[in-house]
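Let's take a friendly walk through this protein model.

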2 protein chains.
Amino acid sequence: MITKEKIAEAYQLIQDEICSGLELTDGSAKFQEELWQRDGGGGGRTRIIQGGSIIEKGGVNFSAVHGKLPETVKKALGVAEDDFFATGVSIVIHPNHPWVPIIHMNIRYFEMTGESDKDLRWFGGGIDLTPHYVIEEDARFFHAKLKQTCDQFQSEFYVKFKKWADDYFYIKHRQETRGVGGIFYDRLTPYSTGLEWEEIFEFSKSVGRTFLPAYTELVQKNRIKSFTEEQKLWQFQRRSRYVEFNLVYDAGTRFGLETNGRIESILMSLPPQANWVYDFTAKEGSEEEKTLKMLKKDINWLS
Amino acid sequence: MITKEKIAEAYQLIQDEICSGLELTDGSAKFQEELWQRDGGGGGRTRIIQGGSIIEKGGVNFSAVHGKLPETVKKALGVAEDDFFATGVSIVIHPNHPWVPIIHMNIRYFEMTGESDKDLRWFGGGIDLTPHYVIEEDARFFHAKLKQTCDQFQSEFYVKFKKWADDYFYIKHRQETRGVGGIFYDRLTPYSTGLEWEEIFEFSKSVGRTFLPAYTELVQKNRIKSFTEEQKLWQFQRRSRYVEFNLVYDAGTRFGLETNGRIESILMSLPPQANWVYDFTAKEGSEEEKTLKMLKKDINWLS
């Protein structure tokens with residue numbers, strides 16, 4: 001039987017592996033760790049890396065918190081349970097190089113306990129890629145990696161979770177996706193997946209372990225490219241869309257802000273610099289226009 | 001009897017006056033106008049000024065729109081009326097100079113008509129100042145100007161609307177106010193104010209006409225100051241808080257995003273550049289620390 005302690009422990013290991021791997025890839029910057037305690041129970045290890053040779057600002061955060069469920073959340077979830085436990089690893093990396101993509105990953109486990117004897121617990125998570133310039137070959141490579149991970153567990157996972165990511169990482173007011181998507185999933189249980197708890201746990205860890213090889217490959221491939229001042233400005237503009245998504249739509253961010261989470265850990269996802277240019281129009285035939293055309297839902301990158 | 005046409009006309013005049021005045025103050029940049037039509041009815045005049053000698057990015061927008069009330073809004077307002085009309089002028093100015101404050105102003109009129117014979121209409125609005133560095137003398141000057149305007153109409157307006165602004169322009173997750181506040185008011189009617197409709201309309205116009213002399217004074221006084229690279233970076237950080245407020249809390253912005261408003265007009269309020277620095281701590285005794293200490297509710301600037 002998997003316990004919440006075991007899950008939290010496995011997630012911490014994954015955090016360690018990813019931090020070591022990212023430091024190696026960056027080659028210059030090191031993570032700074034802050035341990036924090038939550039007033040209501042539990043705490044976390046926030047790890048921030050800044051000013052690297054390729055990573056301008058990034059966070060790889062672990063937390064395991066528990067306590068009483070706020071009334072608003074109970075209402076939203078439609079449950080009577082009083083106590084919750086949540087653990088997860090959350091990553092956002094903003095590279096300094098416009099040809100290297102932004103990446104986000106999250107794996108998490110949530111459970112509620114209380115009066116009823118229902119088994120209210122599930123896994124959630126996802127990885128998605130936000131290139132400043134969409135490179136089709138890279139998007140294919142990224143999605144193939146994710147499909148490989150998914151296929152080891154359930155033949156339907158990739159298609160289902162890829163669509164879920166398209167719908168979730170969508171900037172409605174811009175009518176564009178945040179990037180080229182990836183996978184997103186929530187409330188995975190034996191009931192919703194047909195898998196045993198142990199298998200879902202393994203899947204969650206596999207998603208966590210897909211992050212490093214996938215991202216390292218994309219960093220190494222693109223960091224050697226040269227770029228112009230104009231491309232740098234485009235990067236700042238794309239980052240402003242990332243800000244819009246995270247502050248307006250991202251459920252985790254909004255949940256954190258509303259429940260007095262640790263602000264600096266929650267908002268580490270925001271870029272070091274973002275620019276808003278009024279009514280920018282990409283030149284016809286430009287790389288920027290090409291990118292905007294590919295920020296759409298339902299692109300089958302593996303066809 | 002004041003009609004909605006008359007109100008819209010007066011607001012357009014105020015937009016014209018303010019645009020002329022800001023061009024004079026800036027001395028270099030000119031407004032670019034875009035006329036737009038709303039699918040459901042009405043339209044607007046978006047006027048953007050960029051790359052000026054003092055205004056880096058600013059918008060002075062007029063709109064007068066009408067149509068069917070979305071079900072969600074009807075529910076939120078608790079009304080059965082089907083048709084609405086809304087007109088207003090909205091301004092946000094981001095100066096390029098860290099010692100010159102950001103300013104925002106809005107005057108608006110809203111009415112609903114439908115089956116009931118209730119008089120469902122009201123005026124709303126406000127002005128607030130967001131200095132990157134709080135200068136007490138300037139905050140006093142600004143609040144005195146607003147009090148002067150308020151006092152011409154109702155002795156209680158200033159105190160009431162000043163408090164309303166403190167509560168409204170508040171970044172809860174940062175536990176700081178957006179700036180030094182100003183005035184904010186909504187749903188002004190004869191019933192809520194004891195004034196005639198004509199007087200409330202005059203008040204709305206007076207608020208609009210307070211903007212230019214108040215801001216011009218603050219621009220001229222501070223634009224001659226020199227500044228350092230460090231102060232410029234602080235300006236970018238303060239602007240990131242402005243982004244957080246507008247995307248997370250501002251009712252007008254969120255309403256616009258949810259109702260498919262004209263995105264570029266709504267988001268013209270976002271700064272040309274904003275920076276997020278992880279866990280920034282102001283040096284003890286610094287100007288930055290002094291500013292953070294004054295970003296609090298309930299400061300009586302006129303005492």
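## Two helices side by side

In chain B, helix α1 (residues 4–26) and α6(B) pack at an angle of about 5°, and their axes are 11 Å apart. Here axes are lines fitted to C-alpha atoms, for helices over the stretch in contact, and angles run from 0 to 180 degrees between N-to-C directions. α1(B) and α6(B) are therefore roughly parallel to each other; angles under 35 degrees count as roughly parallel, over 145 as roughly antiparallel, 65 to 115 as roughly perpendicular and the rest as oblique. Helices (H or I, at least four residues) and strands (E, at least two) are DSSP runs, numbered from the N terminus.

Which residues of α1(B) make the contact? They are B:I7, B:A10, B:I14, B:E17, B:I18, B:G21 and B:T25, and they meet B:F201, B:K205, B:G208, B:R209, B:F211, B:L212, B:T216 and B:V219 of α6(B). Two residues are in contact if their C-beta atoms, placed from the backbone, lie within 7 Å. The residues of this contact of α1(B) with α6(B) divide into eight nonpolar, four polar and three charged. Ala, Val, Leu, Ile, Met, Phe, Trp, Tyr, Cys and Pro count as nonpolar, Asp, Glu, Lys and Arg as charged, and the others, Gly among them, as polar.

Please keep in mind that this is a predicted model, in which local features need pLDDT of at least 70, side-chain atom pairs count only at pLDDT 80 or more, and totals for chains, interfaces and linings use all residues. Residues are numbered from 1 along each chain as its sequence is written, while chains are lettered from A and ligands numbered from 1 in the order in which they are written.

## Another partner for α6(B)

Helix α3 (residues 136–151) of chain B packs with helix α6 (residues 197–222) of chain B at an angle of about 160°, with axes 10 Å apart. That makes α3(B) roughly antiparallel to α6(B). From α3(B), the contact uses B:D138, B:F141, B:F142, B:K145, B:L146 and B:T149; from α6(B), it uses B:S206, B:V207, B:T210, B:A214, B:E217 and B:L218. The residues of this contact of α3(B) with α6(B) divide into six nonpolar, three polar and three charged.

## The sheet of chain A

Chain A has 10 helices and 10 strands. Seven strands form an open sheet in the order β1-β2-β3-β4-β5-β6-β9 (chain A), with antiparallel pairing; two strands pair if DSSP finds at least two bridges between them. Which strands are at the edges? They are β1 (32–37) and β9 (181–188) of chain A, each pairing on one side only. From one strand to the next, the twist averages 5°.

β1(A) pairs with strand β2 (residues 42–50) of chain A over six bridges, in the antiparallel sense. A:L35 stands opposite A:R45 in β2(A).

## Where the chains meet

The contact takes 23 residues from chain A and 23 residues from chain B. On the side of chain A that touches chain B, β2, α7 (229–249), α9 (263–266) and β10 (273–275) of chain A each supply at least two residues. α7(A) gives the most to that side, with four residues.

The bridge partner of A:A274 in β10(B) is B:A274.
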